[in-house]
Amino acid sequence: MNRTTLSLIAGATALAAVTGFAAVSTPDTGPAEQRTGAATLPVERTGLLCPQPSASDLAETTYTSFTPVTEGADDKGTAVLRAAARQSAPDEDDNGEDEKAAEDGESGESGDKEEKDEKGAEKDSGAGKPVLQLREPGRPVAAEADGAGAPALVGIAEGRFASGWTAQQTTEVTAGTGRGLQGVACSTADTQFWFPGASTDDSRTDYLHLTNPDDAAAVVDIELYGKDGELETTVGEGITVKPRSAEPVLLSTLTAEKQTDVTVHVVVRSGRVGAAVQALDDELGGDWLSASADPSGSLVLPGIPKDATAVRLVAFTPGDADVDLKVQLASPSGLITPAGNETLHVKGGMTAAFDLGDLTRGEAGSLVLTAPDRSVPVVAAVRVLRGKEGKQESAFIPAARPVETRATVLDNTAEGTTLSVTAPEGDAEIRVTASAGTKGGTPRTKTYSIKRGTTQDVDAPVPTGLKGSYALTVELRTGGPVHASRTLAATEGGVPFFTVQPLPDDRGMVAVPDVGEDLSVLQR
């Protein structure tokens with residue numbers, strides 16, 4: 001192997017490590033058996049962003065961080081989540097102290113300088129200070145913070161902690177607008193997001209949370225689309241998000257139009273951000289609305305709770321083309337068509353909403369939406385209600401990416417956790433691993449078969465001797481694709497608090513070209 005080849009491979013590996021994804025296009029130079037393949041290696045660096053949990057003084061938030069054990073990963077590294085709103089990058093001395101603390105299994109904070117409460121969170125988590133740091137792969141860690149002062153977080157994982165790194169925040173608000181469980185998986189930074197299911201109605205208080213992980217300011221444009229097309233906005237263009245800071249934007253301040261169902265399109269013209277919508281209702285509680293999967297002619301919205309009392313679908317198609325969506329419910333027995341909702345018409349550039357009622361009727365279910373020939377791209381989400389009138393709670397399920405290799409969800413409890421898995425196109429076998437708990441326990445693993453066209457609420461494993469919360473990792477073994485979500489539920493004062501998080505693939509592995517491949521065309 002010559003030095004040039006080595007340098008090219010190193011370059012591809014570095015790109016994969018930073019972006020989390022690299023693909024190589026190889027010219028067709030002969031029969032397949034004469035061409036070499038690609039190695040799959042763990043990602044070596046990744047970042048996550050968590051929005052500010054709540055503006056309520058009654059909020060109780062738990063942050064959780066976890067990396068699964070990955071074969072072939074480096075034996076060194078760090079994974080640190082810091083409070084956002086820092087206006088400059090951490091200095092080198094601070095980083096050095098954090099790395100040493102990670103190797104020693106400490107939190108990365110100085111006991112002399114940082115005061116903690118009994119729950120382990122900083123009382124004053126100043127911007128840039130470490131809030132949560134992993135000690136070892138395979139064991140989650142958690143920290144708690146009370147009230148409106150819980151910060152947004154910005155984090156980087158490197159080395160053995162990068163592949164499959166996942167973080168979650170779960171907040172309980174016992175009273176007031178948006179009361180209930182509000183959960184969201186921390187996300188990677190990007191340059192474009194779609195949020196069907198937001199609102200500017202008087203009964204809703206919806207905030208778009210933007211978090212900038214970088215040392216330079218990001219500039220963001222926000223577009224709103226209602227039932228008749230794009231809404232006129234006053235200050236939606238050129239919003240600046242300062243370096244390493246979080247910016248909540250109240251959607252109703254961007255337009256004078258009050259609409260029940262709005263699609264939010266976030267376009268980053270400079271830099272990159274993380275984005276999530278916090279949707280709070282005066283009467284129906286609230287939850288986080290994560291971004292929909294990219295516009296596509298085929299979408300899956302996994303894991304609608306079996307006891308849902310109302311399901312409202314919100315869909316949007318960019319551009320001018322109308323589309324008649326085929327609607328199917330993946331039930332435990334297979335794909336069925338909801339009576340009266342066989343197809344739904346969505347006009348180009350306009351947000352459409354459809355009430356599907358108690359769609360699941362006591363059984364596990366997932367929505368499958370398909371455009372004719374899959375030719376018209378669509379984004380979608382559902383708003384789900386549980387409980388009886390006067391004591392109802394809401395949550396959102398956006399269209400989700402499939403679990404291509406592996407995905408993880410955090411902050412699970414021995415009771416109140418439901419893992420839903422659907423295989424809309426073909427039979428699949430999955431492996432589910434329950435990690436050790438945050439305070440103790442032994443991991444357990446189970447394997448499940450999911451039949452084509454069905455949704456199963458699987459009897460997920462719980463760690464032996466569990467103490468604290470734990471992670472659930474889903475791995476696709478054969479077949480598929482599969483989509484999954486987790487419902488976390490609790491009852492408070494007769495109100496069924498709940499939150500639902502889809503499990504998109506963690507993109508923790510990257511294809512690296514073999515030595516015989518031509519790297520002249522390298523695509524991100």
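**Close-up views of a predicted model**

**View 1. Threonine 62 has threonine 170 as its bridge partner in β9.** The model shown is predicted: local features need pLDDT of at least 70, side-chain atom pairs count only at pLDDT 80 or more, and totals for chains, interfaces and linings use all residues. Residues are numbered from 1 along each chain as its sequence is written, and side-chain values use heavy atoms, with hydrogens and water left out. Strand β4 (residues 60–66) and strand β9 (residues 166–173) are antiparallel and pair over seven bridges. Strands here are DSSP runs of E with at least two residues, helices are DSSP runs of H or I with at least four residues, and both are numbered from the N terminus. Two strands count as paired if DSSP finds at least two bridges between them.

**View 2. An open sheet is formed by four strands in the order β7-β4-β9-β10.** The pairing in this sheet is antiparallel. Its edge strands, β7 (141–146) and β10 (180–185), each pair on one side only. From one strand to the next, the twist averages 15 degrees; axes are lines fitted to C-alpha atoms (for helices, over the stretch in contact), and angles run from 0 to 180 degrees between N-to-C directions. Strands of a sheet pair through backbone hydrogen bonds, either parallel or antiparallel.

**View 3. Serine 65 is a residue of strand β4.** Serine 65 counts as buried because its relative accessibility is 1%; buried means under 20% relative accessible area, exposed over 50%, and partly exposed in between (1.4 Å probe, protein chains only). The side chains of serine 65 and tryptophan 165 make a polar contact at 2.9 Å. A polar contact is a pair of N or O atoms within 3.5 Å; within protein, one must be able to donate a hydrogen and the other to accept it, and residues adjacent in sequence count only if both atoms are side-chain atoms. Neighbours within four places in sequence left aside, the residues in contact with serine 65 include Leu81, Leu132, Leu134, Val141, Trp165 and Leu410. Contact means heavy atoms within 4.5 Å.

**View 4. Strand β8 (residues 153–158) pairs with β3 over six bridges in the antiparallel sense.** Within this pairing, leucine 48 has glycine 155 of β8 as its bridge partner. Strand β5 (residues 79–83) also runs antiparallel to β8, joined to it by five bridges. Valine 154 in β8 stands opposite arginine 82.

**View 5. Cysteine 50 and cysteine 186 are joined by a disulfide, with an S to S distance of 2.0 Å.** The pair links distant parts of the chain, 136 residues apart: cysteine 50 lies in strand β3 (residues 45–50), and cysteine 186 in the loop between β10 and β11 (192–198). The link is right-handed, with 105 degrees about the S-S bond. Cysteine 50 and cysteine 186 are both buried. Taking a disulfide as a pair of cysteine sulfur atoms within 2.5 Å, the count is one disulfide.

**View 6. The peptide bond from glycine 480 to proline 481 is cis.** Its omega is near 5 degrees. Proline 481 is placed in the loop between β36 (470–479) and β37 (483–492). Most residues other than glycine have a negative phi, and most peptide bonds are trans.

**View 7. Arginine 361, which is not a glycine, has a positive phi of about 50 degrees.** Arginine 361 lies in the loop between β25 (352–357) and β26 (365–370). With a relative accessibility of 67%, arginine 361 counts as exposed.

**View 8. Aspartate 411 also has a positive phi, near 65 degrees.** Aspartate 411 is located in strand β29 (residues 406–412). Its relative accessibility is 10%, so aspartate 411 counts as buried.

**View 9. Methionine 509 is found in strand β39 (residues 509–513).** Methionine 509 has a relative accessible area of 29% and is therefore partly exposed. The C-alpha atoms of methionine 509 and arginine 406 are 9.2 Å apart in space, and the two residues are 103 residues apart in sequence.

**View 10. The whole chain has two helices and 40 strands.** Of its 524 residues, 53% count as buried. Among contacts in the chain with a separation of 6 or more, 81% are between residues 24 or more positions apart.
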